[in-house]
Amino acid sequence: QVQLVESGGALVQAGGSLRLSCAASGRTFSSYAMGWFRQAPGKEREFVAAITSSGVITYYADSVKGRFTISRDNAKNTVYLQMNSLKPEDTAVYYCAAAPRYYSGSRLEGPGVYDYWGQGTQATVSS
């Protein structure tokens, strides 16, 4: 069992930055690939970024590539999402999720492979 708690969401102006954190409980954090998803009002949940269990390989949605960076600290059981050059269309509730380590590549872009989800944190970007 893994429990995930996101934090760091806030209201920022366009062009600003936010750093989201996701703290995981349990001693098996390093066994999971981690992902960030987001859901805007009236829209489906969409993939943002993912990172393998070792932290060596990262994946990004085209809409955030070059602006967002996913990272993890397995010693702290935490995954991060650094969001720069924010745009109003980045406004959403951001969720972190954990998937078994044997998933990689495009499989991590689908929410179905993730076993555990956090409650979400709201990020709002004003124009």
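Modeller: Contact here means heavy atoms within 4.5 Å. The model is predicted.

Colleague: With which residues is Leu4 in contact, leaving aside its neighbours within four places in sequence?

Modeller: Its partners include Cys22, Met34, Cys96, Tyr116 and Trp117. Leu4 is also among the residues with the most contacts inside the largest nonpolar core, which has 41 residues. Strand 9 gives the most to this core, with 6 residues.

Colleague: Why is the pair of Phe37 and Tyr114 called edge-to-face?

Modeller: The ring centres lie 5.1 Å apart, and a pair needs centres within 6.5 Å. The planes stand at 85 degrees. Over 60 counts as edge-to-face, so the name applies to Phe37 and Tyr114.

Colleague: What makes Phe37 and Tyr114 count as buried or exposed?

Modeller: The cut-off for buried is under 20% relative accessible area. Phe37 has 1%, so Phe37 is buried. Tyr114 has 6%, so Tyr114 is buried.

Colleague: What does the pair tie together?

Modeller: Phe37 is in strand 4, and Tyr114 is in the loop between strand 9 and strand 10, so the pair links parts 77 residues apart in sequence.

Colleague: Why is the pair of Tyr102 and Tyr103 called tilted?

Modeller: Their planes are at 45 degrees. Stacked needs under 30 and edge-to-face over 60, so Tyr102 and Tyr103 are tilted.

Colleague: How do you know whether Tyr102 is buried or exposed?

Modeller: Exposed means over 50%. Tyr102 has 63% relative accessibility, so Tyr102 counts as exposed. Tyr103, at 18%, is buried.

Notes. Residues numbered from 1 in each chain as written. Predicted model: local features only at pLDDT ≥ 70, side-chain atom pairs only at ≥ 80, totals over all residues. Heavy atoms only, no water. Core = buried A, V, L, I, M, F, W, Y, C linked by side-chain atoms within 4.5 Å. Buried < 20%, exposed > 50% of the residue type's maximum accessible area, 1.4 Å probe, protein only. Helix = DSSP H or I, 4+ residues; strand = E, 2+ residues; numbered from the N terminus. Phe/Tyr/Trp six-rings, centres within 6.5 Å; stacked < 30°, edge-to-face > 60°.
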